[in-house]
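Thanks for coming, everyone. Let me put the sequence and the model on the screen, and then we'll walk through them.

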Amino acid sequence: MEQLTPEVISELAKAIAVAGKAIGAGLAMGIGAIGPGIGEGNVGAHAMDAIARQPELTNVITTRMILADAIAETTGIYSLFIAFLILFVL
Amino acid sequence: MSKKKMSTKAKIQLTIFLIVYITVGLLNAKLMTAPPSEALKNIANRWIVQFGPTNAWYYRINPMTVIMSFLVIIVILAFARSVHKEFSLIPSRKQAFAESLMDFLYEIVESSVPNEKYARSIFKISMTLFIYIAVSNLIGGFIPGISADVSIAENGARTVKFVLFSDTWFPPTGDLNTNLTYAVMVFIISQYFAIKTKGVKGWLKGFLEPVAFMLPMNIVGELAKPLSHAMRLFGNVTGGGILVLVISYLVKYMFLPPFLWAYFGIFSGLIQAFVFSTLAIAYMSSQIEG
């Protein structure tokens, strides 16, 4: 067991900071990826129902479905942004 | 059943391309041995120039954004100029492409805004936004070009190196300033339309609906719209960029970045431009009624 000199303490502090960053970024992106998956699955399911009911509107429905997908993706992008902020800036 | 065979010339080109690609990939895999935390240290740093006495936010500028914005504007103006010289009744390909693009967005505007007087102004604003953001995302997408690599020393000094053949150009929408400016602009325009249609008293009374008790929630809802409007675009462009760089570093550039960019740059960039302009139409037209 070596002495707790200031260099050892500062190295330990840096190691704890790196560990905190890793856990924070992992949790931020991991939990944040649940929402958009479920949301966009719902959007796709209802779009399929609508296409099955009226096949002549396929193009219009596909355009609106992609539009709704991009809006549902927003909170997933927020958590990606926070994960990168934690990893690379802090 | 007859299958379409590739001509001999196409086969030769494909073979040469595959040989070059695999050779470059293997060379990269041998030569890049630094761990990712070392090589990817400078992803999030920006080149900031300070032209005043202190370090306040109004004395700093981001020259990369300014230069790339002018570049995008010049590209769009050059394309528009080359179409403008040859307007004819039977359209050429470039003219047909431009006309079908404008027609596509004009139908969306017309179906959202019943009032004819405001439809043309809203169409002009959102069409400009759509073209600018689409070209900017495509430039930052899959075209290799000049970019800057900024490293921060221990005492806070930034040293900037220009890389002549880096992965991408720097897209102007990759900077939060650009996106926030556009979102605040759309917000101010929508409030101005509300005042012009309903008068100042009508606009202020709109905040008290349906119950006077809902005033804080209405205010927060109004202020949260530009924020999410800007963050969506910024997160897609910059987050996609960092993600592609990290992935291509982990597979040691076996997949060269321009091929991964084909998803984030082209597909996601065009969709985000369309979503931004459609939401701008929705925000601006939600205050106009009757």
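Some housekeeping. This is a predicted model: local features need pLDDT of at least 70, side-chain atom pairs count only at pLDDT 80 or more, and totals for chains, interfaces and linings use all residues. Residues are numbered from 1 along each chain as its sequence is written, while chains are lettered from A and ligands numbered from 1 in the order in which they are written.

Chain A

Back to α1(A). From its first C-alpha to its last, α1(A) reaches 39 Å, close to the 39 Å expected at 1.5 Å a residue. The expected span is 1.5 Å times one less than the number of residues. Helices are DSSP runs of H or I, at least four residues; strands are runs of E, at least two; both are numbered from the N terminus.

Now its partner. Helix α1 (residues 6-32) and helix α4 (residues 74-88) of chain A pack at an angle of about 175°, with axes 8 Å apart. That makes α1(A) roughly antiparallel to α4(A). Axes are lines fitted to C-alpha atoms, for helices over the stretch in contact, and angles run from 0 to 180 degrees between N-to-C directions. Under 35 degrees counts as roughly parallel, over 145 as roughly antiparallel, 65 to 115 as roughly perpendicular, and the rest as oblique.

Who meets whom? On the α1(A) side, the residues include Gly24(A), Ala25(A) and Ala28(A). On the α4(A) side, they include Gly76(A), Ser79(A) and Ala83(A).

Next pair. The axes of helix α2 (residues 34-53) and helix α3 (residues 58-72) of chain A come within 10 Å and cross at roughly 170°. So α2(A) is roughly antiparallel to α3(A). From α2(A), Glu40(A) and Val43(A) are among the residues at this meeting; from α3(A), Asp69(A) is one of them.

Look at Asp69(A), in helix α3 of chain A. Is Asp69(A) buried, exposed or partly exposed? It counts as partly exposed, with 17 C-beta neighbours inside 10 Å. Leaving aside neighbours within four places in sequence, Asp69(A) is in contact with Glu40(A) and Val43(A). Contact means C-beta atoms, placed from the backbone, within 7 Å. Gly41(A) is 28 residues away from Asp69(A) in sequence and 9.2 Å away in space, C-alpha to C-alpha.

Chain B

Chain B has 8 helices and 4 strands. From the N terminus, the order is α-α-β-β-α-α-α-β-β-α-α-α. Of its 290 residues, 25% are buried. Among contacts with a separation of 6 or more, 70% join residues 24 or more positions apart.

Take helix α3 (residues 63-84) of chain B. Its 22 residues should span 32 Å at 1.5 Å a residue, and its end C-alpha atoms are 32 Å apart, which agrees. Which residues of α3(B) are buried? Met64(B), Thr65(B), Met68(B) and Val72(B) are. They cover an arc of only 100° around the axis, which puts them on the same side of α3(B). The arc is that of the directions from the helix axis to the C-beta atoms. Why the spacing? An α-helix has 3.6 residues a turn, so residues three or four places apart point the same way.

The face turned away carries exposed residues, including Phe70(B), Ile74(B) and Leu77(B). Ala80(B) is also in α3(B). Ala80(B) is exposed, with 12 other C-beta atoms within 10 Å.

The UniProt record, an unreviewed entry, lists "transmembrane region" for residues 63-83, 127-146, 179-195, 233-255 and 261-284 of chain B. Such annotations may be inferred rather than shown by experiment; positions use the numbering here, and feature names are shortened. In the model, residues 63-83 are 100% helix and 0% strand. Residues 179-195 are also 100% helix, with end C-alpha atoms 25 Å apart.

Where the chains touch

Here, 13 residues of chain B are in contact with 12 residues of chain A. On the chain B side, α7 (215-250) and α8 (257-285) each give two or more residues. The largest share, 7 residues, comes from α7(B).

Methods
Buried ≥ 20, exposed ≤ 12 C-beta atoms within 10 Å, placed from the backbone. Contact = placed C-beta atoms within 7 Å.
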